[in-house]
Amino acid sequence: MSPERSIDVQGFLNAHPFSRRQIGIVVLCLLVVLLDGYDTAAIAYIAPSLLTEWGLQRPDLAPVLSAALFGLVFGSLVAGPVSDRVGRRPVLITAVLVMGAACLASAFSGDLTTLIAWRFVTGIALGAAMPTALTLVSEYCPARCRSLTTNLVFCGFPVGAALGGFMAAWIIPAHGWRSVLLVGGAAPLLLLLFLVLWLPESARFAVIRAKPVERIRRLLQPIGASAADATRFVVAETAAGDSRGAVRLILSRGFIVGTLMLWTAYFMGLTIFYAMINWMPVLFRDAGLTPATAALVAALFPLGGIGSLFSGALMDRFDGNRIIAVFYALTGLAFIVIGQIAGQVGLLTIAVLVTGVLMNTAQSSLGALAAAYYPTQARGTGMAWMMGLGRFGGIAGSFLVAELSGWQLGFAGILTALAVPGFLAAGALWLKQAAGVPHPTAALKPAAAPGRG
């Protein structure tokens, strides 16, 4: 009988160069998150057209702008525990299918009520897709570049949101606002074919759920041939007492402070993000820009998310809590500045881009921070619940600008008000850092795949 050969999955990933399989996973998940960003932001770019075509008033837009966000909350809260139970792959594939179908259906809406309903369904899928994709990527990354790679995938969201703005400025004048939603529905359905063919399940999840060892070999052999000789696979960073369930684990005494602070930071960041992404085209139009110019300038804000690649590299070397907190604090200062230059289009364009870099770098980096904070059997839930509960911040941001406008606040007043959540998010991450990592007794009970060869 051949001697037993045990492989720790994370140690195996750390010991091998980034493989074609891992690159494929990153590319597929990046495309999922990019389309998530496009479909989430699409409604903001068609909002000025809805005002004109359907004879709406600005307050009428709040329900349709926030409908997807309510769906996002529900989708995230459900998808996290489900992905920790049945796997990352089936949840992600189902989410992309529903995302594409619902966005296509919304393009054929004949009234505001129908559009709101389909945006809610689209939001459910969007809420499930991004945290599941980020979780899968993080579980295939070597430790040396986990934050950088996770942030790279998260970059897809702001880039997708920016792409929606550029496309809206191009195709709405020629083909109408429905064309933006048609593109947002067809693209996920095309991507679905590639996910079904090429997306693997998480090897770490397979170990945690005690899948047959031959299945885990097939997942890891494309990364390193040495996996073919293994008779047992283990994941050493499993939290004790996993029978408690993922939700109870992230709310346990060892994790509760960090969990609440992550929720707070994500909530505050999305308050800012959705207030800006949903209302900038309308605010800029009211400030005298043409609809096409307003869409182009507004699209620069989410495009700034590419800065998270820089923060990801820093987070792989230094304390991520402090790095992201600094970016949030600078975001607050930047909003105060941008509020003072609304009448100067050139400076406004530069300021929107710089503010977008600061804001989206901070927000995009929270996914990597959460992925590193939670153990494998609760990572899907931890990521999804942070993003799901944080979506209430997006809902608040969507209604906040409408409420501030009702108070007759001008552009400068609204932007100054949006600086406050940035400072609060920075404070939350300083508190998380001060609380430290979970207590060691909550974190070291190895899990292994059964040695069935």
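User: Where does helix H2 bend, and by how much?

Analyst: In this predicted model, H2 bends by about 45 degrees at Ala 47, and Pro 48 is a proline that follows within four residues. The helix covers residues 20-53, and its 34 residues reach 48 Å from the first C-alpha to the last, close to the 50 Å expected at 1.5 Å a residue. Just after H2, Gly 55 takes a positive phi of about 65 degrees.

User: Is H2 mostly covered or mostly open?

Analyst: Mostly covered: 25 of the 34 residues in H2 are buried.

User: How do I read salt bridges, and how many are there?

Analyst: Side chains of opposite charge can pair when their charged atoms come close. Here the count comes to 3 salt bridges. Asp 84 pairs with Arg 88 at 2.6 Å, N to O, and both residues are buried. Arg 88 also forms a salt bridge with Glu 139, where the closest N and O atoms are 2.7 Å apart. Glu 139 sits in the loop between helix H5 (112-138) and H6, while Arg 88 belongs to helix H4 (residues 88-106), so this pair ties together parts that are 51 residues apart in sequence.

User: Which residue does Arg 379 meet in a salt bridge?

Analyst: Arg 379 meets Glu 139, at 3.0 Å, N to O. Because Arg 379 lies in helix H17 and Glu 139 in the loop between H5 and H6, the pair ties together parts that are 240 residues apart in sequence. Both Arg 379 and Glu 139 are buried.

User: How is helix H6 placed, enclosed or open?

Analyst: H6 (residues 146-154) has 7 of its 9 residues buried, so it is largely enclosed by the rest of the structure. Among the buried residues are Arg 146, Asn 151 and Phe 154.

User: Which residues make the nonpolar surface patch?

Analyst: Phe 70, Phe 74, Val 78, Val 82, Val 86, Phe 120 and Phe 399 make a patch of about 580 Å². Helix H3 (residues 61-86) gives the most, with 5 residues. Phe 399 lies in helix H17 (residues 376-406) and is partly exposed, with a relative accessible area of 37%.

Note on methods
Residues numbered from 1 in each chain as written. Predicted model: local features only at pLDDT ≥ 70, side-chain atom pairs only at ≥ 80, totals over all residues. Heavy atoms only, no water. Patch = residues over 30% accessible without salt bridge, like charges linked within 9 Å, V, L, I, M, F, W, Y side chains within 5 Å. Areas by Shrake-Rupley, 256 points an atom, 1.4 Å probe, with all protein chains shown as cover. Salt bridge = Lys/Arg side-chain N within 4 Å of Asp/Glu carboxyl O. Helix = DSSP H or I, 4+ residues; strand = E, 2+ residues; numbered from the N terminus. Buried < 20%, exposed > 50% of the residue type's maximum accessible area, 1.4 Å probe, protein only. Expected span 1.5 Å × (residues − 1). Bend = angle between axes of the 7 residues up to and from the residue.
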